[in-house]
Structure formats: C-alpha cells, structure tokens
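Hi,

Here is the structure I promised to pass on.

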Amino acid sequence: MKLEFTSKYGAEAPQTAIAFSMNEEFSPIIEQRMSFFNSDDADRGIDNIGQVKSQIDEVRDVMVQNIEKVLERGEKIELLVDKTDRLNQQAFRFEASGRSLRRAMYWRKMKCYAISGVTAVLILYFASVSLCGFDYSHCKANKH
C-alpha cells in the first residue's frame, strides 16, 4: 500500500500537502484494504495465526463428526441391548411353553396307555366270560 501511495503521489507531495487533501482519492483504496484484512479470508491466508485457526476449525469439525458417530453408535448399542433383552425373554417363554407342552404330551401318552390297558383287560374278561360263563362254571374242572 505504501508503494502504491508513493507511486501515485511521489515522495515530496505528501510532505507539503494540506491535511486530508489526498483523502478523497486514496480513501477507497484504504477502505478496500481494511475490509480485506478484517475478513475471515485474510485472517486465514496472511499469517500463521490464520493457518492455525483454520486447522483448529478443521479439527473441531472432525471432533463434532466423531462425537455424532459415537452418539449414533451408543443409540445403536442401546437398541441392540433392548433387542437382546426381548429375545432373552422370548427364549424363557419358549422354554416354559415347551416344557408344559412336553408334560401335556407325556400325560396324553400315559392316558392312551391306560385306556389301551383297561380296554385290553376288558376284552380278555369278556372273552373269558363268553367262553367259560359268567361264574366260570364251564371252565372249572369237574371233580365229580
């Protein structure tokens, strides 16, 4: 900016000029420079502090993304824990219902065996009664 000023006005003219006489001509250049140096683009590109600021912003963005991923992962883990609990409860219910079904089938089988046994005894009894008579008088040995 100094080079631009001296190339436009020379080295001697500013020394003898009245105060603020060159203000109208050079103020737009100064305003442009001030707005540039006050912006974020200039802050990041001019010196090491700007580079450090941009690196900090990048690291902050990465950390925010990582935290969001961890939170999402935590939510997914909570969902898995809930599903595991429900599955465990269903397994216990299935085991209990399987046990009661096994008992019911066992007693049904025993009832069938009992009915078959009683039926077989009744068939043998009626067969023997039909062959020997009601009081078994035909099957007794005649001792007379």
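Below is what turned up, starting with the charged side chains and ending with the aromatic rings.

Before that, some housekeeping. This is a predicted model, so local features need pLDDT of at least 70 and side-chain atom pairs count only at pLDDT 80 or more, while totals for chains, interfaces and linings use all residues. Residues are numbered from 1 along each chain as its sequence is written, and side-chain values use heavy atoms, with hydrogens and water left out.

**Salt bridges**

Side chains of opposite charge can pair when their charged atoms come close. How many salt bridges does the structure hold? There are 2, a salt bridge being a side-chain nitrogen of Lys or Arg within 4 Å of a carboxyl oxygen of Asp or Glu.

One joins arginine 60 to aspartate 57, at 3.5 Å from N to O. Both sit in helix H5, which covers residues 48-132 (helices are DSSP runs of H or I, at least four residues, numbered from the N terminus). They are 3 residues apart there, so about one helical turn separates them. Arginine 60 is partly exposed at 48% relative accessibility, and aspartate 57 is partly exposed at 21% (buried means under 20% relative accessible area, exposed over 50%, partly exposed in between, with a 1.4 Å probe and protein chains only).

Arginine 99 and glutamate 95 also form a salt bridge, and their closest N and O atoms are 3.5 Å apart. This pair is in helix H5 too, 4 residues apart, so again the separation is about one helical turn. Arginine 99 is partly exposed, at 33%, and so is glutamate 95, at 44%.

**A negative patch**

Which residues make up the negative surface patch? They are Glu68, Glu72, Glu75, Glu78, Asp82 and Asp85. (Patch residues have over 30% relative accessible area and no salt bridge, and like charges are joined within 9 Å; Asp and Glu count as negative.) Aspartate 82 lies in helix H5 and is partly exposed, at 40% relative accessibility.

**Aromatic rings**

The whole structure has 2 aromatic pairs (rings of Phe, Tyr and Trp, the last by its six-membered ring, with centres within 6.5 Å; planes under 30 degrees apart are stacked, over 60 edge-to-face, the rest tilted). Tyrosine 106 and tryptophan 107 have ring centres 5.3 Å apart and planes at 75°, so they pair edge-to-face. Tyrosine 106 is partly exposed at 42%, whereas tryptophan 107 counts as exposed at 58%.

Over to you!

Notes:
Helix = DSSP H or I, 4+ residues; strand = E, 2+ residues; numbered from the N terminus. Patch = residues over 30% accessible without salt bridge, like charges linked within 9 Å, V, L, I, M, F, W, Y side chains within 5 Å. Areas by Shrake-Rupley, 256 points an atom, 1.4 Å probe, with all protein chains shown as cover. Charge placed at Lys NZ, Arg CZ, Asp CG, Glu CD.
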